[in-house]
Amino acid sequence: MASTKEMAKILFQHQHGFVVTKIMSTACELGVFDLLLESEGFLSSAEIAERLGTSHMGMQMLLEACVGLKLLRMERKDNEGFYGNTDLANLFLAKSSPKSQYEYTRFFSDFFYSSPQYLAKAIREGKQQFPLIFGIPEKDFYTNVNSSEEKLQGFQNAMGDTWSLYGQEVISAFDLSGFRIVCDLGGGSDAFAKQYISLYPSSTVTIFDLPEVVEKAKKCSVSSEEHQIHFQSGDLFNDPIPEADLYILARILHCWDDEKCLALLTKLYKACKPGCGVLIAAMVLNEDKSGPLEALIFTMLMMVVVGGKERTASEYNTLLGAAGFKDVQFKKGQLFGAVYGRK
């Protein structure tokens, strides 16, 4: 049994986790991690403040907090602190890193930070609280995200960060080499498609998404795989689905309730030829829903923002089976699970 002191420490960390989010995202926004990566060494707080155009006092306090969070390292010389990135910051928080989560960190802070304030109301009413969270009349989160190029770009960049870190693991969970024509449903940008093509270079991927999303994605897509990645506009629920050997649903089913998910999966099943498959990438809850913590946190976030939820492998199995898919398999990953079924 944990001691009172240990429990009190855990309690404090949970109570103030929202501050940790802002400390990290603020350091990203101000360019702290990028500057220190480029410097390839340690800099004083005064030099960092001068080069980033901030007050010395404020920057020094931010740097000290980042040291406490193990995002930065600090060395003392002549009673003065000099700061450098930790490996975590170099890998995940500097924009130039191939595994950077800079865009995701900024987007999450800007768009989702205030959402949990309405969690109690969402639980009482059993529905999403999007209009209250953002103070706008748009009907849902995605309508708002798609309302401006800046917001849409931020969202697509954030999803790009996610798949740069976890995409290969999801795609390699099963042998998909037999599928040459692939459709990424609701894929937004080409981030997931690029990861897929890198593993299966003989395949082509069509990204099927709303017209405004596709228009923006095309502008931002600068890819050496242009002949293998294509875009097609349409509505998942109201328009015909492109023909494909494999359909990918990457982090989108958690946006909807079971009824809507089943309607989409049934539509996919009808579009599939025998032998075709569907691959779902999602945070997957333990069967007893005791964890993992990441999925439990996100199921709360999905409920309050979009009215969706994360699911167990059995729940995905049930949905796929009800739609008609057979031989459903599941593999657990570091953060995202892969659920795979065939017609």
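1. Helix axes here are lines fitted to C-alpha atoms over the stretch in contact, with angles running from 0 to 180 degrees between N-to-C directions. The model is predicted. On that basis, helix α2 (residues 17-30) and helix α5 (residues 56-68) pack at about 125°, with axes 10 Å apart. That makes α2 oblique to α5, because angles over 145 would count as roughly antiparallel and 65 to 115 as roughly perpendicular. The crossing is left-handed.

2. The α2/α5 contact can be read residue by residue. On the α2 side are Ile23, Thr26, Ala27 and Leu30. Facing them in α5 are Met59, Leu62, Ala65 and Cys66. By class, this contact has seven nonpolar residues, one polar and no charged.

3. Helix α2 also packs on α7. Their axes come within 9 Å and cross at roughly 125°. That makes α2 oblique to α7. The crossing of α2 past α7 is left-handed. Lys22, Met24, Ser25, Cys28 and Glu29 of α2 make the contact with Tyr102, Thr105, Arg106 and Ser109 of α7. The classes divide into three nonpolar, three polar and three charged.

4. Thr105 deserves a look of its own. Thr105 sits in helix α7. Is Thr105 buried or exposed? Its relative accessible area is 10%, so it is buried, the cut-off being under 20%. Beyond residues up to four places away in sequence, Thr105 touches Met24, Ser25, Cys28 and Leu93. Met24, Ser25 and Cys28 are among the α2 residues in the contact with α7.

5. Helix α7 (residues 102-112) has another partner, helix α11 (residues 149-171). The angle is about 130° and the axes are 7 Å apart. The two helices are therefore oblique to each other. This crossing is left-handed. From α7, the contact takes in Tyr102, Glu103, Tyr104, Phe107 and Phe111. From α11, it takes in Lys151, Gly154, Phe155, Asn157, Ala158, Met159, Asp161 and Thr162. The count by class is seven nonpolar, three polar and three charged.

6. Now the cores. The largest nonpolar core has 82 residues. Which residues have the most contacts inside it? They are Phe141, Leu176, Tyr196 and Leu249. Leu249 touches Leu185, Leu264, Leu265, Leu268, Val278, Leu279, Ile280 and Ala281, leaving out residues up to four places away in sequence. A second, separate core has 20 residues, including Ala27, Cys28, Leu35 and Leu43.

7. Just after α3, Glu40 takes a positive phi of about 55°.

8. Last, Leu199. This residue lies in helix α12 (residues 191-199). At 32% relative accessibility, Leu199 counts as partly exposed. Leaving aside neighbours within four places in sequence, Leu199 is in contact with Gln168, Ile171 and Ser172. Its C-alpha atom is separated by 9.4 Å from that of Leu176, 23 residues apart along the chain. Leu176 is one of the residues with the most contacts inside the largest nonpolar core.

Note on methods:
Residues numbered from 1 in each chain as written. Predicted model: local features only at pLDDT ≥ 70, side-chain atom pairs only at ≥ 80, totals over all residues. Heavy atoms only, no water. Helix = DSSP H or I, 4+ residues; strand = E, 2+ residues; numbered from the N terminus. Parallel < 35°, antiparallel > 145°, perpendicular 65-115°, else oblique. Left-handed = near helix turned anticlockwise from the far one by under 90°. Contact = heavy atoms within 4.5 Å. Nonpolar A, V, L, I, M, F, W, Y, C, P; charged D, E, K, R; others polar. Core = buried A, V, L, I, M, F, W, Y, C linked by side-chain atoms within 4.5 Å. Buried < 20%, exposed > 50% of the residue type's maximum accessible area, 1.4 Å probe, protein only.
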